[in-house]
Amino acid sequence: MKLTENQINQLYKFTRQHYVYHYDVQTELVDHLANDIEEIWAETPSLSFEEARDKSFKKFGIFGFMDVIEAKQKQMNKRYRKILWRFFKEWFTLPKVLLTFGFTILLFFILKIPFSEYVILTVLFGIVVFDMIQIYKQRKQQKQKQQKKEKIFLLEAMIGETRQGFTGLAFINIFNFINLTNVSFSSLDNSWLLVVSFTAVLIIILFYVTAYLMPNKAVELLEETYPEYKLVKSL
């Protein structure tokens, strides 16, 4: 006995009720549950859909779908890092590598100016404020998607979450470090100043890749990762 389309839709609702929020993970679990339910029916055809579903669900153990969710997140984390590295290393190929070293030298000479740390603090503050506004807008869009019950894929969520977390993790901490330590960049040795400049440029590149480049290419990345993405979004 085969499951009906309505029963398949009920399985999607069932996975969501059990804290599976991403469509690709839901689909994997629904496929597994559907196949298992059909096998259960082959052995015990008298069971109702709900009884067969619950019997199949019990096989996942006391933690339900959590093990599957964690395994899927680890798998997608690995893919996310590969994508991130792919975009990041492009900055060390021609012609972008010239820009990378050009920005490093430019920042080096800026930091040699007395009291340059105050200029850096002002710029950092401006970046943080601007990015917080962008994050607020993005979160508002995500809430609208959730309210409309749009299908959200795991990689899609990761791109958004990483973009939201980077500002707090990087720029705010750097701002606090400079502000609290009262470091004077202009008094540093040139070799250390070059290291600081190059490190800062790497952080800026990483911020640009995670906060703007990857989100702007999200659709392309999702179509590359999920062959069914375009079809699902068009429904």
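The secondary structure of this chain comes to 11 helices and zero strands. Helices here are DSSP runs of H or I with at least four residues, strands are runs of E with at least two, and both are numbered from the N terminus. Read from that end, the elements run α-α-α-α-α-α-α-α-α-α-α. Before we go on, please keep in mind that this is a predicted model, in which local features need pLDDT of at least 70 and side-chain atom pairs count only at pLDDT 80 or more, while totals for chains, interfaces and linings use all residues. Residues are numbered from 1 along each chain as its sequence is written, and side-chain values use heavy atoms, with hydrogens and water left out.

Let's look at the overall form. Along the principal axes, the C-alpha atoms fill a box of roughly 85 × 35 × 30 Å. The radius of gyration of the chain, taken over C-alpha atoms, is 24 Å, whereas a compact globule of 235 residues would have one near 18 Å (the globule rule is 2.2 Å times the number of residues to the power 0.38).

What about inside and outside? Of the 235 residues, 37% count as buried, a word that means under 20% relative accessible area, with exposed meaning over 50% and partly exposed lying in between (1.4 Å probe, protein chains only). The chain exposes about 14,800 Å², and carbon and sulfur atoms supply 62% of that area; the areas come from the Shrake-Rupley method with a 1.4 Å probe, and for residues only the protein chains shown count as cover. Contacts tell us how the chain meets itself: among those between residues at least 6 apart in sequence, 76% join residues at least 24 apart. A contact means heavy atoms within 4.5 Å.

Now let's visit the aromatic rings. Rings of Phe, Tyr and Trp (its six-membered ring) pair if their centres lie within 6.5 Å; planes under 30 degrees apart count as stacked, over 60 as edge-to-face and the rest as tilted. By this rule the count comes to 17 aromatic pairs. One of them joins phenylalanine 14 and phenylalanine 57, edge-to-face, at 5.2 Å centre to centre with 90° between the planes. Phenylalanine 14 lies in helix α1 (residues 5-17) and phenylalanine 57 in helix α3, so this pair ties together parts that are 43 residues apart in sequence. Phenylalanine 14 also pairs edge-to-face with phenylalanine 65, at 6.3 Å centre to centre and 85° between the planes. Because phenylalanine 65 sits in the loop between α3 and α4 (66-88), this second pair links parts 51 residues apart in sequence. Phenylalanine 14 is buried at 5% relative accessibility, and phenylalanine 65 is buried at 2%. Elsewhere, Tyr12, Tyr23, Phe153, Tyr226 and Tyr229 form one aromatic cluster.

Stay with helix α3 (residues 49-58) for a moment, as serine 56 has its place there. Is serine 56 buried or exposed? Serine 56 is buried, with a relative accessible area of 1%. Leaving aside neighbours within four places in sequence, serine 56 is in contact with Leu33, Asp36, Ile37 and Ile40.

Our last stop is valine 209, found in helix α9 (residues 190-216). Valine 209 counts as buried, at 0% relative accessibility. Which residues does valine 209 touch, not counting residues up to four places away in sequence? They are Leu84, Phe87, Phe88, Trp91, Met214 and Pro215. Valine 209 and tryptophan 85 are 124 residues apart in sequence, and their C-alpha atoms are 9.5 Å apart in space.
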